[in-house]
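Please keep the sequence and the coordinates open beside the text.

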Amino acid sequence: MIRKFNYTGRKRIARSRVRIEITSRKNGVASFEASIDLSGLKLPKNAEVFIEAYRRAFFKRFAFGTVSEIRSPQIRSLGDLDPRALAMFRIKVVEPSGKGRILAVADKIIPRRAEDEPTDKICLLPVDFVDLGQSIWRLDLAGDWPSLQLNTRIEDIREIARSDARFLSLVYPEVVRQVFHKIVVEEDHTDPQTDPDDWMSQWLSFASLLGVKQLPPSGGSEPILQDKLKWIDDTVEAFCSSNKMMEKFVQAMSPGEK
């Protein structure tokens, strides 16, 4: 039986306190490793800790001991979930009284894959692998976090998306444009401090790291909309400049280059 929780009065656990990595065993079944830091949150030592993995209809919960003694269960298999599929994770700390009240939670945790390069940076654009028919890629903005979907029918598509200069220079600027159009125009989310743990706020913070000094304007009038579109153009240009996209594309298309 799936245990139900009461969320009244819960605290938020920063995503920076959680690290989850997807691993794949020889039989192709995905599993995961997790580390959780709950120090300083003033939670009851005997409160229970759970990790939940979910993706569309898939859901699985794992008991990870207590606040004072976090213990990974021996079995952390994700069952019949495709190892290439993008699962999300959430952490729940539950009061020990048996009432199931949530004391603290972290949601929409993006796992790393074992083959990814080691980094402590937040993943702004996780990659998912799905059958896209005749399409090569698609940006999914309908889920809990934006993701880049790649077609599983294409051999070596993972490596192509990671290192092929032609793919990088042609696809990622458009991805950046679509993401910021969703954030700034459709959602009118223009302040990264609104919720620093939210994906839209983190993308706006990313824009500032690209050298975009001003925040986009807020509002829906026609003049403001034009200013927003100009801000998006400037941000995409800053992204291309910081990654030298044109130079990479020209070099990749030169004779003798692959």
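## A buried threonine in a loop

T190 is found in the loop that lies between helix 2 and helix 3, where helices (H or I, at least four residues) and strands (E, at least two) are DSSP runs numbered from the N terminus. The model is a predicted one, in which local features need pLDDT of at least 70 and side-chain atom pairs count only at pLDDT 80 or more, while totals for chains, interfaces and linings use all residues. Residues are numbered from 1 along each chain as its sequence is written, and side-chain values use heavy atoms, with hydrogens and water left out.

With a relative accessible area of 13%, T190 is buried, a class that means under 20% relative accessible area, as against exposed at over 50% and partly exposed in between (1.4 Å probe, protein chains only). Not counting residues up to four places away in sequence, T190 touches L204, L215, P216, P217 and S218, a contact being heavy atoms within 4.5 Å.

## Overall make-up

The protein has five helices and eleven strands, and its C-alpha atoms fill a box of roughly 65 × 50 × 30 Å, taken along the principal axes. Of its 258 residues, 42% count as buried. Among contacts between residues at least 6 apart in sequence, 55% join residues at least 24 apart.

## Strand 4 and its partners

Strand 4 (residues 48–55) is largely enclosed by the rest of the structure, because seven of its eight residues are buried. Strand 4 pairs with strand 5 in the antiparallel sense over seven bridges, pairing here requiring that DSSP finds at least two bridges between two strands. In this pairing F50 stands opposite A63 of strand 5, and the two strands form a hairpin with two residues between them, where R56 in the turn has a positive phi of about 55°. Seven bridges also join strand 4 to strand 6, again running antiparallel, and I91 in strand 6 is the bridge partner of I51.

The loop between strand 5 (58–66) and strand 6 (88–94) holds R76, which counts as buried at 12% relative accessibility. The side chain of R76 makes a polar contact with the side chain of E33 at 2.9 Å, and a polar atom of the R76 side chain lies 2.7 Å from the backbone oxygen of P73. A polar contact is a pair of N or O atoms within 3.5 Å; within protein, one must be able to donate a hydrogen and the other to accept it, and residues adjacent in sequence count only if both atoms are side-chain atoms. Residues up to four places away in sequence aside, R76 touches A30, S31, F32, E33, F62 and F64.

An open sheet of three strands has the order 9-11-10, with mixed pairing. Strand 9 (127–130) and strand 10 (137–140) stand at its edges with a single partner strand each, so one side of each is left without a neighbour in the sheet. Neighbouring strands of this sheet are turned by 30° against each other on average, direction ignored; axes are lines fitted to C-alpha atoms, for helices over the stretch in contact, and angles run from 0 to 180 degrees between N-to-C directions.

Strand 10 and strand 11 (residues 147–151) run antiparallel and are joined by four bridges, with R138 standing opposite Q149 in strand 11. Helix 2 (residues 165–186) packs on the sheet, touching strand 10 and strand 11, and its direction makes about 25° with that of strand 10.

The 21 residues of helix 4 (residues 222–242) should span 30 Å at 1.5 Å a residue, which agrees with the 30 Å between its end C-alpha atoms; the expected span is 1.5 Å times one less than the number of residues. Buried residues in helix 4 include K228, W231, I232 and F239, and the cover over its buried residues includes helix 2, helix 3 (199–209) and helix 5 (245–253). K244, which follows helix 4, has a positive phi near 50°.

A nonpolar core is a set of buried Ala, Val, Leu, Ile, Met, Phe, Trp, Tyr and Cys residues joined through side-chain atoms within 4.5 Å. In the largest such core, of 36 residues, Y172, F180, I183, W203 and W231 touch the most other members. Strand 11, helix 1 (157–163), helix 2, helix 3 and helix 4 each give two or more residues to this core, and the largest share, ten residues, comes from helix 2. Leaving aside neighbours within four places in sequence, F180 is in contact with V185, W203, L204, A207, W231, I232 and T235. A second, separate core of 29 residues includes A53, F58, V67 and F89.
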